[in-house]
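Me: I have a structure open here and would like to talk it through before I set anything up. Can we go over it piece by piece?

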Amino acid sequence: MSKKVYCLAQFLPKEGQEAALFQVLQQLEPNTLREDGCLQYRVTRHITSPFAQGTSYPIVFNEIWADLASFEAHCQRAEINNFFEKYCLADDGLAQAWNVCVYSDEPADFDAPKLG
């Protein structure tokens, strides 16, 4: 087990804004990948397959962070806050809705060894 944190950040674009929102989100990747705690940060778009017919927002970031502190530090960066203010919270933004969730691969009662 690990202290890794897995984040799925889903975005529902406003009508006709999917390509524009995807492009804006792609621009967040380079600087985020420079963060020491960032292990993976990839924006993806939904595609169709007869083997995966679940429902989801059409744009999803798949993120892996070294630990919760790294994820939370990322969320406080000016570039990330500016994105949410301009493209999500503003009336003329590109996103209609968004859903950001974090997950752990450790069971709730995991007795992780104390190192160092």
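Me: Which residues of helix α4 are buried?

Reply: This is a predicted model, and in it the buried residues of helix α4, which spans residues 78-89, are I80, F83, Y87 and C88. Seen down the axis of α4, these buried residues fall within an arc of 85 degrees, so they line one face of the helix.

Me: Why would residues at that sort of spacing end up on one face?

Reply: An α-helix has 3.6 residues a turn, so residues three or four places apart point the same way.

Me: And what sits on the face of α4 turned away from the buried side?

Reply: That face carries the exposed residues A78, K86 and L89.

Me: What do the buried residues of α4 pack against?

Reply: They pack against the strands β1, β2 and β4, and also against the helices α1 (18-26), α2 (29-33) and α3.

Me: Ok, zooming out: how many helices and strands are there in the protein, and what pattern do they follow along the sequence?

Reply: The protein has four helices and four strands, and along the sequence they follow the pattern β-α-α-β-β-α-α-β. Buried residues make up 31% of the 116 residues, and the C-alpha atoms fill a box of roughly 50 × 40 × 20 Å along the principal axes. Among contacts between residues at least 6 apart in sequence, 73% join residues at least 24 apart.

Me: What is the strand order in the sheet?

Reply: The four strands form an open sheet in the order β2-β3-β1-β4, and the pairing is antiparallel. The edges are taken by β2 (38-45) and β4 (95-104), each of which has a single partner strand, so one side of each is left without a neighbour in the sheet. Neighbouring strands of this sheet are turned by 10 degrees against each other on average, with direction ignored.

Me: How many bridges join β2 and β3?

Reply: There are seven bridges between β2 and β3 (residues 59-65), in the antiparallel sense, and in β3 the residue E63 is the bridge partner of Y41.

Me: Which helix packs on that sheet, and at what angle to β3?

Reply: Helix α3, residues 68-75, packs on the sheet and touches β1 (5-13), β2, β3 and β4, with its direction at about 135 degrees to that of β3. One of the residues in α3 is S70, which counts as buried at 17% relative accessibility. Leaving aside neighbours within four places in sequence, S70 is in contact with E35, G37 and W65.

Me: Switching to aromatics, how many pairs does a search of the whole structure find?

Reply: The search finds eight aromatic pairs. In one of them, the ring centres of W65 and F71 are 6.4 Å apart and the planes stand at 70 degrees, so the pair is edge-to-face; both W65 and F71 are buried. For F83 and F84 the centres are 5.1 Å apart and the planes at 75 degrees, so that pair is edge-to-face as well.

Me: How many disulfides does the search find?

Reply: It finds zero disulfides in the whole structure. C7 is in none, and the nearest cysteine sulfur, that of C75, is 6.7 Å away. C7 is also buried, with a relative accessible area of 2%.

Me: Last one, where is H46 found, and what does it touch?

Reply: H46 is found in the loop between β2 and β3 and is partly exposed, with a relative accessible area of 41%. Not counting residues up to four places away in sequence, H46 touches G54 and P58. H46 and L8 are 38 residues apart in sequence, and their C-alpha atoms are 13 Å apart in space.

Technical notes:
Residues are numbered from 1 along each chain as its sequence is written. This is a predicted model: local features need pLDDT of at least 70, side-chain atom pairs count only at pLDDT 80 or more; totals for chains, interfaces and linings use all residues. Side-chain values use heavy atoms; hydrogens and water are left out. A disulfide is a pair of cysteine sulfur atoms within 2.5 Å. Buried means under 20% relative accessible area, exposed over 50%, partly exposed in between (1.4 Å probe, protein chains only). Two strands pair if DSSP finds at least two bridges between them. Helices (H or I, at least four residues) and strands (E, at least two) are DSSP runs, numbered from the N terminus. Axes are lines fitted to C-alpha atoms, for helices over the stretch in contact, and angles run from 0 to 180 degrees between N-to-C directions. Contact means heavy atoms within 4.5 Å. The arc is that of the directions from the helix axis to the C-beta atoms. Rings of Phe, Tyr and Trp (its six-membered ring) pair if their centres lie within 6.5 Å; planes under 30 degrees apart count as stacked, over 60 as edge-to-face and the rest as tilted.
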